[in-house]
Amino acid sequence: MLSDFTFVGILVLIAVLLPVVGLGLSWLIRPKKPNPVKQSTYECGIETIGDTWVQFRAQYYIYALVFVVFDIEAVFLLPWAVAYDQLPLYALTEAVIFVLILALALVYAWRKGALRWS
Amino acid sequence: MDWISLLLVPAIKSLVVVVALLTGFAYLSYVERKLVARFQVRYGPNRAGPFGILQPISDALKMVFKEEIVPLNVDHVVYLLSPALTVMPALVIWAVIPVSGASFTLFGQTITPYVSDVNVGLLYILAIASLATYGIVLAGWSSNNKYSLLGALRTSSQMLSYELPMGITLVSVLLIAGSLSLVDIVQAQRGVWFALLQPIGFIIYFICGLAEAGRSPFDLPETENELVSGFATEYGGIKFALFFMGEYIHMITISALATTFFLGGWYGPFVNQIPVLGLVYFLIKVAFMIFLIVWIRASLPRIRYDKLMHFCWKFLLPLSLLNLVVTAVVLVLVG
């Protein structure tokens with residue numbers, strides 16, 4: 001078990017090395033001639049007005065909130081699914097009730113307009 | 001466990017995986033351009049080498065030698081980190097994907113056809129796959145460009161939303177396989193592929209895979225006619241290449257996972273007699289899935305953003321929950 005994750009760790013190290021080598025190599029050989037016009041923020045050729053780090057649409061945030069609820073509930077289904085063939089029949093009914101509650105939550109979010117993109 | 005089997009063998013295997021993925025990525029970009037060109041009755045790249053097969057190499061050289069233009073008001077640390085954060089998860093997922101069924105012996109070492117058979121493989125994949133969102137969000141935010149920010153917001157909520165039906169569909173695969181290890185999941189498909197037992201699940205997974213990888217018709221991250229290049233607008237040179245690499249490797253990964261979960265992985269005719277065929281079958285299936293993705297890109301127009309979100313939340317998610325319940329009930333009835 002521990003060695004399994006050692007192997008994963010080795011792949012992670014190599015995966016970290018790849019972008020580092022790429023960025024380093026490019027940094028060594030590419031030309032560097034910056035000037036203020038080049039370094040301005042891109043916006044269709046005109047100068048950008050105002051700061052970018054401002055408020056954005058709240059709907060994105062609501063989707064993220066609904067996502068967190070459903071993702072946590074999906075995680076509860078994983079151990080049930082793995083042990084499914086060893087569980088007695090009531091495991092099925094319990095899981096169905098659980099999924100129904102999940103579906104109810106979805107209907108609630110739907111009716112409340114959390115999924116509406118207006 | 002001596003140091004050779006604990007460190008050297010997995011290090012070499014990891015290197016092989018990374019090099020194979022890089023080669024795959026380079027030639028995938030070529031094959032995609034060539035295929036899309038053919039779909040549109042054009043020739044595609046045909047200048048660099050015979051049939052243009054040296055095109056990826058010339059592209060790579062160009063990317064490395066390009067001057068990098070960094071806007072003055074970016075957040076420098078995050079701006080530098082995010083391309084690396086995008087490409088890493090796509091590579092790291094490959095630790096648990098088995099590419100063949102048979103181990104072989106080389107210099108007295110048993111070489112398994114995967115880097116690691118983690119017993120929580122599927123959870124590992126779900127966890128690492130969701131990390132890819134960070135790279136994109138941070139890239140869009142740190143660029144301090146309005147197009148980038150909008151692209152990043154869109155991408156993040158798209159990827160989050162489509163993760164849900166994907167995860168729930170994989171739970172129904174899990175119900176049949178009864179194990180989180182990817183090797184066990186493939187071995188459970190020795191008789192019948194899960195694509196036949198879970199046809200709806202396979203379609204949901206494939207659609208979600210397209211959305212997760214940001215492929216057409218769900219390529220909202222890049223919408224070049226609205227957002228220039230989305231989250232990658234302010235990136236150039238090698239950093240852009242890393243984003244590009246992340247997207248294409250993600251596409252290969254999605255195809256490989258579809259093969260593993262639904263298309264029977266390495267299984268095929270005569271695979272027990274000639275073990276090498278396992279790898280061949282795996283590659284053929286992955287190539288077929290990739291071809292399907294390119295075909296869809298050449299055929300379908302981009303979907304509008306509100307419709308994209310509604311399709312996920314109001315259609316795919318209820319459908320995947322229904323699929324899960326039906327699978328569980330049928331499994332009890334069959335015994």
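## Stop one: an arginine and its partners

Start by selecting B:Arg297, which is partly exposed, with a relative accessible area of 39%; on this scale buried is under 20%, exposed is over 50% and partly exposed lies in between, using a 1.4 Å probe on protein chains only. A word on ground rules: this is a predicted model, where local features need pLDDT of at least 70 and side-chain atom pairs count only at pLDDT 80 or more, while totals for chains, interfaces and linings use all residues. Side-chain values use heavy atoms, with hydrogens and water left out, residues are numbered from 1 along each chain as its sequence is written, and chains are lettered from A and ligands numbered from 1 in the order in which they are written.

Helices here are DSSP runs of H or I with at least four residues, strands are runs of E with at least two, and both are numbered from the N terminus. B:Glu32 is buried, at a relative accessible area of 1%.

Which residue else pairs with B:Glu32 in a salt bridge? Pick B:Arg215: the closest N and O atoms of these two are 2.4 Å apart. B:Arg215 is buried at 4% relative accessibility.

From B:Arg215, go on to B:Glu247, whose salt bridge with B:Arg215 has its closest N and O atoms 3.5 Å apart. B:Glu247 lies in helix H10 (residues 237–262) of chain B and B:Arg215 in the loop between H8 and H9, so the pair ties together parts 32 residues apart in sequence. B:Glu247 counts as buried, at 16% relative accessibility. Show B:Glu32, B:Arg215, B:Glu247 and B:Arg297 together: salt bridges that share partners join them into one network. Over all chains, the search finds seven salt bridges.

## Stop two: across to chain A

Colour by chain next. Contact (heavy atoms within 4.5 Å) involves 63 residues of chain A and 80 residues of chain B. The area buried between the two chains is about 6400 Å², with carbon and sulfur atoms giving 77%; buried area is the accessible area (1.4 Å probe) that two parts lose on being put together, summed over both.

How many salt bridges cross this interface? The rule finds one. Select A:Arg30 and B:Glu68, which form a salt bridge with their closest N and O atoms 3.3 Å apart. On the chain A side, the elements giving two or more residues to the contact with chain B are helix H1 (2–29), helix H2 (58–82) and helix H3 (90–111) of chain A. The largest share, 18 residues, comes from H1(A).

Stay on B:Glu68, in the loop between H2 and helix H3 (76–92) of chain B. B:Glu68 counts as buried at 12% relative accessibility. Its side chain also makes a polar contact of 2.8 Å with the side chain of B:Lys239. A polar contact is a pair of N or O atoms within 3.5 Å; within protein, one must be able to donate a hydrogen and the other to accept it, and residues adjacent in sequence count only if both atoms are side-chain atoms.

## Stop three: two cysteines

Select B:Cys208 and B:Cys312. The sulfur of B:Cys208 is 6.3 Å from the closest cysteine sulfur, in B:Cys312, too far for a bond. A disulfide needs the two cysteine sulfur atoms within 2.5 Å, and the structure holds zero of them over all chains. B:Cys208 is buried at 0% relative accessibility, and B:Cys312 is buried at 1%.

## Last stop: confidence

Finish by colouring by pLDDT, the predictor's confidence in each residue from 0 to 100. Chain B has a mean of 84, and 99% of its residues reach 70 or more. In chain B, confidence is lowest in strand E1 (residues 104–106), at a mean of 71, and highest in helix H8 (residues 199–212), at 90. For the complex, the predictor gives an ipTM of 0.83 and a pTM of 0.88.

Definitions and conventions: A salt bridge is a side-chain nitrogen of Lys or Arg within 4 Å of a carboxyl oxygen of Asp or Glu.
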